[in-house]
Amino acid sequence: MADPFPRPRLLPSGDSAVTVEFSRTIDETANRRVLALDHALAAAGLAGITETVPTYRSLLVHYDPGVIDHETLCARLLALSAGSLAPETDIRRWRVPVCYGGENGIDLEDVAKALGLTPDEVVARHVAGTYRVAMIGFTPGWSYLSGLDPSLQMSRRQNPRLATPAGIIAIGGIQTGIQCLAGPCGWHLLGRTAMRTFQLHREPTFLLEPGDEVSFIAVDEKTFAEQERAAEAGELIAERIAA
Amino acid sequence: MSTLVVSQIGPASSVQDGGRFGAQRYGLTPSGAMDKLALAAANSLVGNELMAAAIEIGPFGATFVAKGGAVRVALSGAPRPADVAKRPVEMNTSVTLSDGEKLTLGFARGGSFSYLAIEGGIAGEPMFDSLSVNARAGLGSPYPRPLQSGDVFETAPASETPEMRIELPRTSGAIRVVMGPQDDEFSDEMKALFLGSDWTVSATSDRMGYRLEGPVIRHLHGHNIVSDGTVEGSIQVPGNGSPIVLMSDRGTSGGYPKIATVITADYGRLAQTPAGTPFRFQAVSMAEAQAELRRYRDLLRSLPDRVRELTSSEFDVDALFTANVAGHAVSATDVTTWPGVTPD
């Protein structure tokens, strides 16, 4: 059977990495192909691959040209890209508690106003979604989730905030995100979670993987405060759920 | 137990080694020394593993004092005046501080980063097999932040072997790049402008990125692309048309088109280019970039054999260099292929 998907573009990223580009835009199928290639590459155990970085639309493959040459690698990447999408059966699913609104979600009221909804409606629609970790990047544990309800789409803030707290749950464009560390953010802050996607001296150090499925559950401020203490003590807070 | 105490140090100085690899998919940037050849040279002078952690010293001066015993150190990278108790210290040599003696380093001249390696290495707790400081993520050991006066490095007393020196080949010329990954976001005219113009590093640059000053590089289709992965040396062009070279503390993904990528062999040389000094880029083929990478790795591997006693007059380094180019491949950028690079 012919490959149902167009061939990805192989773009050189210097002398020790190649970008496998499946799309120039945010595209659900492209992201699934990125993750499928990432899995296939890991399963193939190709010598000389040092690290891979999945993003929305491409897989960055770091390699050692002393072990595998550029042409051989590119041929293998094309062959592995032609395979089917990753099976959905082994996807990890997480339920993540979020304290929406108030001082934890300072943009909730404004977001509701801009979208012509009540804050409760915004939360209900955000909680109703099932999201997928499309990529992790920018800073440690910053998880970009696809699957936002289209009625919650709005462009990013004109002026990004230079300082936002750890654990924020935000929306921007057609995405929602989980920011692990305190830092700058140009998205709209809906709430906070006590879950840490990145925590040193905890097993695992990084909780979410690209491809994981995430849903949210609303919790009150008292529960959030308790979960913050538990997270501090090394608990995961996010709950692994069955399919 | 000897200690080396930081008595005064400028900003942009931190502990760095070969880098922290394996977690870029989680948004964790590799960090690591900006000039790995200089790091390796300093380490080889005191018998450390080439990519062991050392003190990366930014453009400003610094002073260190040995306490509790003698400490041997070695200095490489950006040239700067240096003395121990008023005795001048040459770059690319080792020197031993007796108990209580002070090492004084002046401002960098003709470079940005110098490396002070401590005999026996730096004691710390590796995170992802690296002691490199990544201040934003709170990583690095023994101090997960830039160094401050009062910081202390514990070390074994200095060995009583002779002081050493090393000769390094001088390199100059254009900074070589491989075009892409998004060079098709720029017209031929803009690519020619990028390759044909003088550039300078802006004074606002840091370990995350070097902002370049020169002509404005315009995009064909606008400056917003969907984020994709970045590498050390990615040259991205944001909306204002002023390129930024992504350096060792870069974000692991970025949303601006990347016109070209600095080759591994020239990355340290770019990192050492002082603000305001003009330079050019030169495009090379993938084959040429990888051939340069092999030569660069051979040079790194040859460093321990290029070390000579300070007082020795032996000078035939080129012969020694060519005699030591064989051996198995070692990645200059991947810490996992350097056996025992961290003191764990």
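Q: What share of the 243 residues of chain A counts as buried, and what makes a residue buried?
A: In this predicted model, 45% of the 243 residues of chain A count as buried, a label given where 20 or more other C-beta atoms, placed from the backbone, lie within 10 Å of a residue's own, while 12 or fewer make it exposed and counts in between make it partly exposed. Because the model is predicted, local features need pLDDT of at least 70 and side-chain atom pairs count only at pLDDT 80 or more, whereas totals for chains, interfaces and linings use all residues. Residues are numbered from 1 along each chain as its sequence is written, and chains are lettered from A and ligands numbered from 1 in the order in which they are written.

Q: What does the globule rule give for chain B, and what is the radius of gyration of chain B?
A: For 344 residues a compact globule would have a radius of gyration near 20 Å, and chain B has 20 Å, which agrees. Of these 344 residues, 51% count as buried, and the C-alpha atoms fill a box of roughly 65 × 45 × 35 Å along the principal axes.

Q: How many helices and strands does each chain have, and what makes a run count as one?
A: Chain A has 5 helices and 14 strands, and chain B has 5 helices and 22 strands; these are DSSP runs numbered from the N terminus, helices being H or I of at least four residues and strands being E of at least two.

Q: What makes S1 and S3 of chain A edge strands?
A: The open antiparallel sheet of 4 strands has the order S1-S2-S4-S3, and S1 and S3 (49–54) each pair on one side only.

Q: Which helices of chain A lie across S2 and S4 of chain A?
A: Helix H1 (residues 28–44) lies across S2, S3 and S4, at about 160° to S3(A), and helix H2 (residues 70–81) lies across S1, S2 and S4, at about 25° to S2(A). These angles run from 0 to 180 degrees between N-to-C directions of lines fitted to C-alpha atoms, for helices over the stretch in contact.

Q: How many residues of each chain take part in the contact between chain A and chain B, and what makes two residues count as in contact?
A: Two residues are in contact if their C-beta atoms, placed from the backbone, lie within 7 Å, and the contact takes 39 residues from chain A and 38 residues from chain B. The largest share of the side of chain A, 5 residues, comes from S3(A).

Notes:
The radius of gyration is taken over C-alpha atoms; the globule rule is 2.2 Å times the number of residues to the power 0.38. Two strands pair if DSSP finds at least two bridges between them.
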